Amino acid sequence: MVVAASSPSLIRESGQREVFCGLTSIVWLHRRMPDAFFLVVGSRTCAHLVQSAAGVMIFAEPRFGTAILGERDLAGLADANEELDRLVAQLLERRPEIRTLFLVGSCPSEVIKLDLAKAAERLNRQHLGRVTVLNYSGSGIETTFTQGEDGALQALIPLMPATDQPQLLIAGTLADGVEERLTGLFHRLGIERVVSLPPRRSSELPAVGPGTRLLLAQPFLSGTARALVDRGAQLIQAPYPLGVEGSRAWMAAAAAAFGIDPAVVAELLDPLVERGRRALEPHRALLAGRRLFLLPDSQLEIPLARFLSRECGMELVEVGTPYLDRQLMAEELALLPPGTQLSEGQHLENQLERLRAARPDLVLCGLGLANPLEAEGIATKWSIELVFSPIHGIDQAGDLAELFARSLRRRAALSFA
Ligand code: SF4
């Protein structure tokens, strides 16, 4: 379907998908909120997935676990609920620091129709005052991996207190250091109150209300954005803070929402922009003119494609995304080169056929596809790495470009060998 002469053209597909489920987002959420615990109610497969995804990172103390649904549970819901209550009681006794407990639904809990919302209510009554129990779904039937964060944040929103105070609310997990840096810049621009969701402590949720201006740090938070707008927040339309251009526009949009003079914004950000562009140069020299194919995975694909084409000179063969939220992506879509080929959803075979025919220089894809494609001689970049890495903001643009340049360098080194 072609939208307009110069607009991106869109292929909508459904069929076999090759993406992680929403359980994966536990890997970064548990680091962000050390006083929360994520209890996956699922099978051994689910436990393996979370552990191996977490194995990508080094961490001292896991703050997640799996309540394994065994055969007995599958035979009777009463048993599964009793088992869950027993396990939660044990966990809370052993881990007094837990303040928020997320029950995370999975494919097995969904298939046996275990009602985790009811279980959370019951457990809240049992452990009143000790812990807050919430639930959301990370099931592969319903979610792709970044949607797990959207679900977890939506579960927190009803607990956020109300406020009329003017404030900037940044939604979406950022690396702690990046968050500090961006918050510091907003303060210097003159925005006094800046709060984040998720917060660093799950029990210290920010307030929300009519004075709240909502700025999304991540593009995959459609449900969270809707729920915050329902609580009175006003959404700031902006590109996402990836690359020099996107990050500057993101900060400028927030400043405009608070009536800050663009000259003040320019005075603070122009030196950073200058430095950011210089940091991009060596990577641009390698990436420019290279052909990039983005498979649908994290929902970061469209902002990344915009950055890699406009600031690094890459040619976009196809930009896939698991879901396209046109409202949250409006500013990004407007910045893509005219005629960019977008695809939404996935029919794996068809997409791989297009990919092989195009022979791109670099493919952004999930872990499951990276090895087979590398074996075919196609350089790949794991999309999950971009969710774990500190890539947001003007200062990080060089590092973001480097992540892509590194894949090409590695492939060149292998070919030489
Ligand atoms: Fe697999 Fe579903 Fe468990 Fe995810 S939730 S690991 S897709 S069984």
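Guide: A residue counts as near a molecule if one of its heavy atoms lies within 4 Å of it. Please bear in mind that this is a predicted model.

Visitor: Which residues surround the ligand?

Guide: The ligand is surrounded by Cys21, Leu23, Cys46, Leu49, Ser106, Cys107, Ser139 and Gly140.

Visitor: How many of the residues in that shell are nonpolar, polar or charged?

Guide: The shell around the ligand has five nonpolar residues, three polar ones and no charged ones.

Visitor: Now the helices. At what angle do H7 and H9 pack?

Guide: Helix H7, residues 147–156, packs with helix H9, residues 222–230, at an angle of about 20 degrees, and their axes are 7 Å apart. Angles under 35 degrees count as roughly parallel, and H7 and H9 are therefore roughly parallel to each other.

Visitor: Is the crossing left-handed or right-handed?

Guide: H7 passes H9 in a left-handed crossing.

Visitor: And which residues make the contact?

Guide: From H7 they are Asp150, Leu153 and Gln154, and from H9 they are Ser222, Gly223 and Thr224. The residues of this contact divide into four polar, one nonpolar and one charged.

Visitor: How many residues of H7 are buried?

Guide: Nine of the 10 residues of H7 are buried, so this helix is largely enclosed by the rest of the structure. The buried ones are Gln147, Gly148, Glu149, Asp150, Gly151, Ala152, Leu153, Ala155 and Leu156.

Visitor: What covers them?

Guide: The cover over the buried residues of H7 includes helix H1 (26–32), strand E4 (100–105), strand E5 (132–137), E7 and H9.

Visitor: Changing topic, where is proline 198?

Guide: Proline 198 is in the loop between strand E7 (194–197) and strand E8 (212–216). The peptide bond that leads from leucine 197 to proline 198 is cis, with omega near 0 degrees.

Visitor: What is phi at glutamine 299, and is that residue buried or exposed?

Guide: Phi of glutamine 299 is near 70 degrees, which is a positive value in a residue other than glycine. Glutamine 299 lies in the loop between strand E10 (291–294) and helix H12 (301–310). Its relative accessibility is 5%, so glutamine 299 counts as buried.

Visitor: And what about arginine 359?

Guide: Arginine 359 has a positive phi of about 45 degrees, although it is not a glycine. Arginine 359 is found in the loop between helix H14 (348–358) and strand E13 (362–365). At 44% relative accessibility, arginine 359 counts as partly exposed.

Conventions. Residues numbered from 1 in each chain as written. Predicted model: local features only at pLDDT ≥ 70, side-chain atom pairs only at ≥ 80, totals over all residues. Heavy atoms only, no water. Nonpolar A, V, L, I, M, F, W, Y, C, P; charged D, E, K, R; others polar. Axes fitted to C-alpha atoms, helices over the stretch in contact; angles between N-to-C directions. Helix = DSSP H or I, 4+ residues; strand = E, 2+ residues; numbered from the N terminus. Parallel < 35°, antiparallel > 145°, perpendicular 65-115°, else oblique. Left-handed = near helix turned anticlockwise from the far one by under 90°. Contact = heavy atoms within 4.5 Å. Buried < 20%, exposed > 50% of the residue type's maximum accessible area, 1.4 Å probe, protein only.
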